[in-house]
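Please take a walk through this chain with the sequence and the model side by side. We start with the whole and end with single residues.

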Amino acid sequence: MLVLNGTLGIDDFQQILFGNQSIQIEEHVLEKVEVSFEFLKTFSENKIIYGVNTGFGPMAQYKIEDSERKQLQYNLIRSHASGTGNLIPPLYVKAAMLARLNTLCLGNSGVHKSVIELMVQLINKNITPVVYEHGGVGASGDLVQLAHLALVMIGEGEVHYKGEKSPTEIVFKEENLKPISVELREGIALMNGTSVMTGVGIVNAIYTRKLLNWMIKASSAINEIVSAYDDHLSFELNQSKKHEGQRKIAELMRNHLKDSTLIKKREHHLYNEVKNVAFFEDKVQEYYSLRCVPQILGPVLDTLNTVEAILIEEVNSANDNPIIDVKNRNVYHGGNFHGDYVSLEMDKLKLVVTKTSMLAERQLNYLLNPNLNRILPPFVNLGKLGLNFGMQGVQFTATSTTAENQMLSNPMYVHSIPNNNDNQDIVSMGTNAALITKKVIENTFEVLAIELITITQAIEYLNLKDKVSTKTKQMYGDIRAIVPVFKEDVVMYPYVNAVKNYLINEHK
């Protein structure tokens, strides 16, 4: 049981989302939420507070009668539960719920404590609202997507539960759950904020780190297969650059290769006296997709670290409007719900993940083209050339998927379209950015799956199983457990999908 106190880190998300860890809220946090609610209740009696006794957006100019305040919240939730398109998978919705819960626990939202209590129960029971991809512009936060969360919180809409989509009312009855108590601003407090884009973003970051680790393994293995020189990974060369990411990638690759018998030392081959040689049969330097891996993946690592830091700042921030400040006995109106921070970070993450898929595709092409590698048959074909095709067919998939990533990498951050009667005249499109990044990450796992199958086939052809490093041998075994050695042509898509799923879900 994880006890939450209003501060969440990446490890907490990991444990709750992937370790299915249950949560509870510290008592002092619940007390803070209750104090915030009582303060707002009193403070708003003789004042105009947005979303408490006014309409919303451009309708804020209209005062709401005291007798209609609760109905206002229900009207907002129902009218804005207007999402369309594909469903956001439950894992990502659960991350969004966790992000929203944490924000509400800060005591800056003035919500009734029943909101906190019910959301904890939903998270612990893996009951996730049905939320659609389309609808959010990321300005007043994720209004449309969060409206679907709020809809469930009032006992309406649909949920994912035990692998099925079911009406909320039926699941609540089965689990003996009660809808929240709508008192002051529970609707707008649930809906105003960046929690969907942030939750999706955090899952994106977790998967990107896993993807990067696999890419380091694949890049190390391909250097072994071609017996590359060791100096492009050396401490001395990479330390001469100041970038932490580059240094770390080189270090991780050196660690991967430390017991390999295949990597060549330049001083053994080219630094001894060489006479009467006009042309070198072996390459003096490797192609960039092998030699420049620290310089290419270094920015990916540095960007990922920044993205994680910004997302964790966001998830531990008050991204509501207005902000309830009990300490200073005031309510501040502003724009903390605006999603530009997350939108920009998602676009940055999307760019570096696309570059990762491009690196994987080029390394794959190197292995498949005998004119480049000079040691493998065309398409790493272990069968009869001409009759069999080896990895020829799946290269089309890798090329096509990488091209899609390149197209998807155009930024959402600068695609603002005014709406809401021009009240929201510049918006973040943060949720779109996060969801497109999700797609780019999934695509890259596909490209990498194809590369890893090819690497294992290459190791097989060259009979290097007992010469590669311990880490490459382990990786080889992992992939071979899914894809047996094949010489005759086989239907490839089940294998590619199985390896992709393994890469995403493996927890070593």
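Predicted model: local features only at pLDDT ≥ 70, side-chain atom pairs only at ≥ 80, totals over all residues.

Residues are numbered from 1 along each chain as its sequence is written, and side-chain values use heavy atoms, with hydrogens and water left out.

Begin with the overall build. The chain has 20 helices and nine strands. Both are DSSP runs numbered from the N terminus: helices are H or I with at least four residues, strands are E with at least two. The C-alpha atoms fill a box of roughly 95 × 45 × 45 Å along the principal axes. Of the 508 residues, 55% are buried. Buried means under 20% relative accessible area, exposed means over 50%, and partly exposed lies in between, with a 1.4 Å probe and protein chains only. Now take contacts, meaning heavy atoms within 4.5 Å. Among those between residues at least 6 apart in sequence, 77% join residues at least 24 apart.

Next come the domains. Domain 1 covers 2–192, and domain 2 covers 203–319 + 338–505. These bounds come from an automatic or database domain assignment. Taken over C-alpha atoms, the centres of domain 1 and domain 2 are separated by 39 Å. Domain 1 gives 32 residues to the contact, and domain 2 gives 27 residues.

Which residues of helix 6 are buried? The list runs Leu143, Val144, Gln145, Leu146, Ala147, His148, Leu149, Ala150, Leu151, Val152 and Met153. Because 11 of the 11 residues of helix 6 (residues 143–153) are buried, the helix is largely enclosed by the rest of the structure. Just after helix 6, glycine 155 takes a positive phi of about 85°.

Move on to helix 9 (residues 195–225), where threonine 198 is found. Threonine 198 is buried, with a relative accessible area of 1%. Leaving aside neighbours within four places in sequence, threonine 198 contacts Leu311, Glu314, Val315 and Val342.

Phenylalanine 337 lies in the loop between strand 9 (330–332) and helix 15 (340–368). At 13% relative accessibility, phenylalanine 337 counts as buried. What does phenylalanine 337 touch, not counting residues up to four places away in sequence? Its contacts include Gly138, Ser140, Asn192, Thr194, Asn319 and Asn321. The C-alpha atoms of phenylalanine 337 and serine 195 are 9.2 Å apart, although 142 residues separate the two along the chain.

Asparagine 321 also takes part in a cis peptide bond, which joins it to proline 322 with omega of about -5°. Proline 322 sits in the loop between helix 14 (293–315) and strand 8 (323–325).

Two other loops hold a positive phi in a residue other than glycine. Lysine 162 has phi near 55°, in the loop between strand 6 (158–161) and strand 7 (164–167). Lysine 162 is exposed, with a relative accessible area of 63%. Asparagine 463 also has phi near 55°, in the loop between helix 18 (430–462) and helix 19 (470–480). Asparagine 463 is exposed, with a relative accessible area of 58%.

Finish with the cysteines. How many disulfides are there, if a disulfide is a pair of cysteine sulfur atoms within 2.5 Å? The count comes to zero. Cysteine 105 is buried, at a relative accessible area of 3%. Cysteine 292 also counts as buried, at 18% relative accessibility.

Methods:
Disulfide = S-S within 2.5 Å.
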